[in-house]
Amino acid sequence: MEYIGIDIGSTCAKVAVLDEDENILHQSVQPTGWSSVDTAEIIKNMLLEKGICPETGKVVATGYGRVSVPYADKTVTEITCHARGAVWLHKKKDMTVIDIGGQDTKIIILENGMVKDFAMNDKCSAGTGRFLEVMANTMAVRPDALCELARKGKKVKISSMCTVFAESEVISLIGQGEKKENIAFAVVNSIADKVAAQCSKMNVGTGEVFLTGGLCECGYLQEILEQKLGSPVLTGPECRYAGAIGAALCSRNI
Amino acid sequence: MIQLPENFETYAEARKAGFLRMKQLKESGRKVVGIFCSFVPTELIEAAGGTAAPLCATSEEPISAAEADLPKNLCPLIKASYGFALTDTCPYFYFSDFIVGETTCDGKKKMFELMDNIKETYVMQLPARRDEAALDAWEKEVVRFWKKLEDFYGITITEEDVKKAIRLKNREREVMLRFLELGKLNPAPISGYEMGTRLDGLGFNPDIEERCRIIEARTEEVIKDWEENYRGKLSKRPRILITGCPNSGIREKTIKVIEELGADVVAFDCCNGTREKVEKVDETLPAARALAKKYLNINCSVMSPNETRMDYISNMIDEYQVDGVLELILCACHTYSIEAYNVKKTAMAKNVPYLMIETDYSKADSGQINTRLEAFLETISQFK
């Protein structure tokens, strides 16, 4: 039996397939594009090409596009999926999971492998992947390049939490001739500050933090989060798939 | 979700049905006093031969008009209520002879000053503490309002008039409480969405006796159905306690949704729930003192300190066998959002998951709320 997890986020769609022994048979990521329904169809064809059949396997869909996967046996929210995926990836049961997604950031407190408490950002996109993307666009750099640039920057601060206002702040910094790396520094620090503020509101303490979602490969963000939270922050390239892996694990319970 | 009865009347329908009735009442010479919070001793209005018209608005529509005078980052209930007054689009405001407000939250209190320019708005000074001095001061306010009604209408309201109204309102409290306590049954016999909608809708019915008859009939019907079809069949659906701000304006995107997602809303610690109903007015004390005592004990977050609300929530968690506490906060409601810290602690101390949702009357955040509620139910089901 194949266990298929599909995580359709606002920016990227992630797929993970596990076998009976929880070995990863397949994982992949692609842009969500403008239609989650089309994306779900593309994923289905891609899986079939790889010899994985969504009709015979168990499928759980998660992410904001979870309702757009007609062949899913069940939908489960990102909170539960990221929690299960994090426990599986990190092989630990007590931790705080921070998922920085395209349009929302989630803080999940896990105790003994169970979700004890969680919080999500409100309508506002501060502290999310979208924030980074918008700023990267304005600065004409790729989001991953912005992360690396930030490491070389210093001092500059963006005070607006709102993406729209922050963008105009960035534009005026560019206008003033501020160095690119300093603006990048300000952008990434602004995300980390917002996330740290959300964590302190939830009393997450100083236990281990596991970072999932699209920004898991931004090494600099991981470093400054460690400083701001006073906790070890663990992550890795595979953490992008935490939601999809969690969804695949959830499909075992169907 | 537990089925709604066939003749179910939505809140909007109940409000609309009340328009004509209010007009007829008014034409027949009935006195109408517009009210907002549950702190107003409506017994006095009843004793004056009047009826209290509920003016707390639940619609997004008049908010943009209100923002001409009021700040944007203010509670939607306050903005909507003021907006209706300003645009003269609420029949209940229109038919009110005067408005009675009280110094509950800062937003309402200052809004009343502006509302007074549109229609006479009389304000009762509610103390925030609950001690002897506060009780004495509040009793004076009750007497002052009593006198205000006499002067405004040129009538005399006797002690016996008020006592009679106290007995009537106490009976109503008993009937409503019995209806709300149906939520203690397991499995839940009635949808929480129906309970809340029905009670809010009844506010537009000016006849207290008739309100009691309607609710008693529904209570009996629900009990009969439960005895015949559900008794002994314990349900796995998570049982939710609703707490926080008045929720009439956000009921569709929160309470209705969580029930559609598979939970039963069984308990309401809010001003349209059991909060005002649990303590009756003491029928043995002098009327003004008795009213002051009862109304000062309402567990609204405007009171400081307000530990009694925490005790009450804690007891409700046991009595209604609650699996999750959902706190609903209207944007920019400072007293409830600060007090949420204590509510969360109270729920956590009972090992009951807690979720706070802060929202307004718009539909902009429906998607995010859905995900949160769904995740909340998944969290609860880990423990069940």
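Modeller: Please keep in mind throughout that this is a predicted model. The part to look at is an open sheet of five strands in chain A, which has the order β8-β7-β6-β9-β10 and mixed pairing. Because β8 (114–120) and β10 (233–234) of chain A stand at the edges, each with a single partner strand, one side of each is left without a neighbour in the sheet. Elsewhere in the sheet, strand β6 (residues 95–100) and strand β7 (residues 105–111) of chain A pair in the antiparallel sense over six bridges, and in this pairing Asp99(A) stands opposite Lys106(A), a residue of β7(A).

A helix covers these strands: α2 (residues 78–90) of chain A lies across β6, β7, β8, β9 (209–213) and β10 of chain A, and α2 runs at about 60 degrees to β7(A).

The contact between the chains takes nine residues from chain A and ten residues from chain B. On the side of chain A that touches chain B, both α2 and β8 of chain A supply at least two residues each, and β8(A), with four residues, gives the most. The edge strand described above, β8 of chain A, is thus part of this contact as well. Sorted by class, the side of chain A that touches chain B has six nonpolar residues, two polar ones and one charged.

Note on methods:
Residues are numbered from 1 along each chain as its sequence is written. Chains are lettered from A and ligands numbered from 1 in the order in which they are written. This is a predicted model: local features need pLDDT of at least 70, side-chain atom pairs count only at pLDDT 80 or more; totals for chains, interfaces and linings use all residues. Two strands pair if DSSP finds at least two bridges between them. Two residues are in contact if their C-beta atoms, placed from the backbone, lie within 7 Å. Axes are lines fitted to C-alpha atoms, for helices over the stretch in contact, and angles run from 0 to 180 degrees between N-to-C directions. Ala, Val, Leu, Ile, Met, Phe, Trp, Tyr, Cys and Pro count as nonpolar, Asp, Glu, Lys and Arg as charged, and the others, Gly among them, as polar.
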